[in-house]
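Please load the model in a viewer and keep the selection panel at hand.

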Amino acid sequence: MNKKFLSAVLFGALMVTSTGTFVSCKDYDDDIDQINKELTDIKSAISELQTKVGAGKFVTNIAKEGDGIKITWNDNTTNTIETIKGDKGDKTLVTIVDGYWAFDGVKSDYPAKGDKGEDGAAAAAGHDAKISEDGYWMVWDATQNNGTGAYVKTEYIAGGATAVAGKNGWTIIVRDKDGKEQSIYVPNSADLVSIAPALGESTCDFTIYYGLLTSEVEWTGAKGKMAKGMYPTLDRDVQMMLNPTGVDGTAYKFEFKGSDDKALWGLTLKDAEPYDGEKMTRAASASGVWTLPRDIEYVKTEELNERADYVTQFKKNDGQYYAFALSATSVDDPSKVIKSQYIYTLKPLNVGNIQADKFSYVNTDKYNYVWNKDHKPNFDAYTYQQGATEWLGLSLSQVIYDYKLEIDKTRMTDVTINKYGLQISEDGYTFNATKEAAVDNVVYLKLSYILVNGSQTTTTFSVRIVSKDIVDVNSNIGSINEKFNASLVSAAKAPFTALANKYVFSKSISFDLAEKLGSNYDEWVDAMYNGLRGNSNDGKANFLKNASIMTGGDPINNSAAYNEALMDNFIYFDYVDADGKSCVYDIADDKLIASVKNIKALKVYFIAGTALYQNGWTIANTTPVKAPYYTVSGRQSNAWNINDGYALPLDNAFRVQLAVAKEEQSVAGFDFTFQLTMPDNCPIKRKSVGNQTTAWSANEDGVDVLKVYGEKLDREAMAADLRDAFVGVYNFQNGAYNDDANIEGQWYELTVPTNHYMIIGKSNEDIVTLAQISPSSVYTQWNTRGFYVNGHLDEYTLTNVKYHHFNVYTEKQGDIILKFASKVADSQKAQVKSAGTTANPFVAKAVYNADKTLNHYEFSVSNGNFTMTDAFDNAYSLFDEANKLRANLHVKLLEDRQGIVIDKNAPSYYGLYPSAMVDGVATNLVTYALDKAGDADKTVKMVMSIDKTAGVDKVFEITYNVTDVFGCVKPVKFYVRTVNDAIGNDDEE
């Protein structure tokens, strides 16, 4: 070793540069002055790294780059630590590879193992590599000092700046020209902020299964005999979400704690592992999902006064269970403790009466095992089949203590065993068919196991050996985020029975089948063909659903059973070609393969309905559900609660995994996410149908106003036809309404207030639907009625307006102001034509006595002088015509029930109620007379006389207060000027 290296290394210069800036370092043979010029202040360099750590950043990678070290942070920024180069033996990075110390990625001959064979990470904790006084790497050797361990010096020289990998981060060491060392620890994950149950965790209620042995139990498996004592274990692993997602779960020790901050005894958890289960994402660690594997803790009986001492730490004497938090303590800094909410309950259950031989093997999707690989039995395939209800369905994996495997030589000869190369591992935990001759053949094994209560038995099972594992690579093909705008599918148009006469929304996701499946494409096509052929359309629909799994749905009841029920009842699938034509349904078997290869998109059907129990579960559109749980009760419920109903939740994100099975094994499939939101396709619109009896508008506050133009009843009341008020309640064709309201009218409800007469048949505050609107065309049978008094018509506000889409999803609608109104009072046009304006007034000519003295001024008006249209712009008249009465001149304004008052006497004058003003002051100088004022006569005009005292060239403002049968008024103003011209001098009147 080069002893001169030490002095050279001590002149190492540290320079820290952010990404995008590169600062080079001179070799130590360069001029000393140049070296000193390039030295960076060590404290500043360390401070820059410390600042990033303090800001919550963590290292994702450290690698040797040139003569220095490149540090990559979780925000993708980098720092480069450069050093003066020493001898060729300089080593910068120290890690562990395959259980051995590695220097700059090269595995050495120095094992990073503890005296009990712990893995490298465990051995390195507390015994990190360090640098000797003369500049060489030293590593811990557990075999030194008679097995107590000691550091030994390696032949590897430590560079001027070094990085040593630890379990949870890196230690970076730099030295200045005086040999002074400074170091900083940079974590390789973020600090833990919070703990929450994982998305797929159905409940936070756990059971602790424990066996209590009063004496030793002989057992010949790897763990040996079971000692007298207690053996508790959780019923399942704990799945949790660690936030932020960059947290390293292995950097913390997890345990359950009560509100007194005391840890539970007699219950342990193994170290955290990134979740890789089939219902979560394939990159679980990146998503922040971790698993705490359950453990079996042995508790000596002497440590228990009695069984109650163990049980009572979980619950009160009254049977109520305590709530516990999941506590995480930093391995490196025990002062850092993070807790979840107190949401976990732990129910201890003695399994002393469970019998090992009562577990039965049930169907499982894992029957095929690849040759030349070690495999363990699938204990989840065994469930308890006898005893009390609480034990039914119990999995062997939940209560097993130890097991051992043997070859079943009653089913296999030595020749066959040798031919297949069938072997059992030394500890009895795995089997392996080491020869390819075993492929496509079945091997037979014996399984002996012992439970946590000491009960043991031996059983047999068989597995098929295959050439390769069909890797279930589940890639995402897209997402659906749409309004749930379903429509009714008739039985004739339904591709399969489940969609017949249901409200269905469908959406397709396009994808490249071969690209997504990769090497599994042929396996998938083969599995699809074999699964579809020979099936009816209904059978094909069920086949496509059988391997589907749905997760998510927060905050609704997102248990596996609940999501399974949602999938079973409301979601179906199809695969379609580029034109949207099915590649599955109505495809003959001899065309299936080509059709499947032509798939371009996944089509998903969503059914809008409520699952109700009526001598069995059925999907109906009779009962709405309530958010946020989308149950009939509006409360959180179980999918099997026959006293409640449920629908597919809105505004909840779900992930669906689709696969097909081949030889009892799942083949690669796809997953997609979806979220359905409130529909916006309500078929009932606040719009008049066209029969001209209602009109919509909005007031200044944006509230919808519905004016109803009804007809007069015998008493001072108006009856209104609301069939015209809403499009979609009653169909209107060829000038007539259909006899019955559409079903959607039953789904549109509102609250009518207490009123003077009735609104949709109700006079007191009550809930009604639009389907209750009277279907009659006879006005005396209409069931919306209001009173009128002296031109004042009733007005009410209809509240709590809701539409139940498909009679399932309730959408709140805005209030409605209901106004009984007059067609006359709301006339769109009520004006004179060319003459009669202020600029061009009518002319009242002088009428002289026989002695040629002035008697009065006179003029007349008729229908030809006015333009009058009602609320719907239909023309109507003020006077009769020579050959037709006023009542017969228009059909849209019923004279006796909607039209103008027909009284010809003063002051009505045929409902015109004229008045006059001059110079802005009311005057009696004008008198009025109807032409042929008799009731049976036709009145074609009104003659008006102005007293002679008015004088010449005087302008009068005349107002016709056109009044209808309800007392409502529409004013019509016109102007007249007196002149000295005598009547008869010209034709103008």
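**Salt bridges and cores**

Select Arg236 and Asp235 to begin: their side chains meet in a salt bridge, with an N to O distance of 2.9 Å. A salt bridge here is a side-chain nitrogen of Lys or Arg within 4 Å of a carboxyl oxygen of Asp or Glu. Arg236 and Asp235 are buried, where buried means under 20% relative accessible area, exposed over 50%, and partly exposed in between (1.4 Å probe, protein chains only).

This is a predicted model, in which local features need pLDDT of at least 70 and side-chain atom pairs count only at pLDDT 80 or more, while totals for chains, interfaces and linings use all residues. Residues are numbered from 1 along each chain as its sequence is written, and side-chain values use heavy atoms, with hydrogens and water left out.

Next, select Asp721 and Arg723, whose side chains form a salt bridge at 3.0 Å, N to O; both residues are buried.

Move on to Glu957 and Lys973, a salt bridge whose closest N and O atoms are 3.7 Å apart. Glu957 lies in strand S63 (residues 955–963) and Lys973 in strand S64 (residues 969–982), 16 residues apart; strands are DSSP runs (E, at least two residues), numbered from the N terminus. Glu957 is buried, at 17% relative accessible area, whereas Lys973 is partly exposed, at 43%.

Then select Lys253, Glu255, Lys257, Asp261 and Lys339, which a network of salt bridges links. The whole structure holds 18 salt bridges.

Finally, display Trp524, Tyr575, Phe672, Phe674 and Tyr809, which touch the most other members of the largest nonpolar core, a set of 101 residues. Such a core consists of buried Ala, Val, Leu, Ile, Met, Phe, Trp, Tyr and Cys residues joined through side-chain atoms within 4.5 Å.

Terms used: Helices (H or I, at least four residues) and strands (E, at least two) are DSSP runs, numbered from the N terminus.
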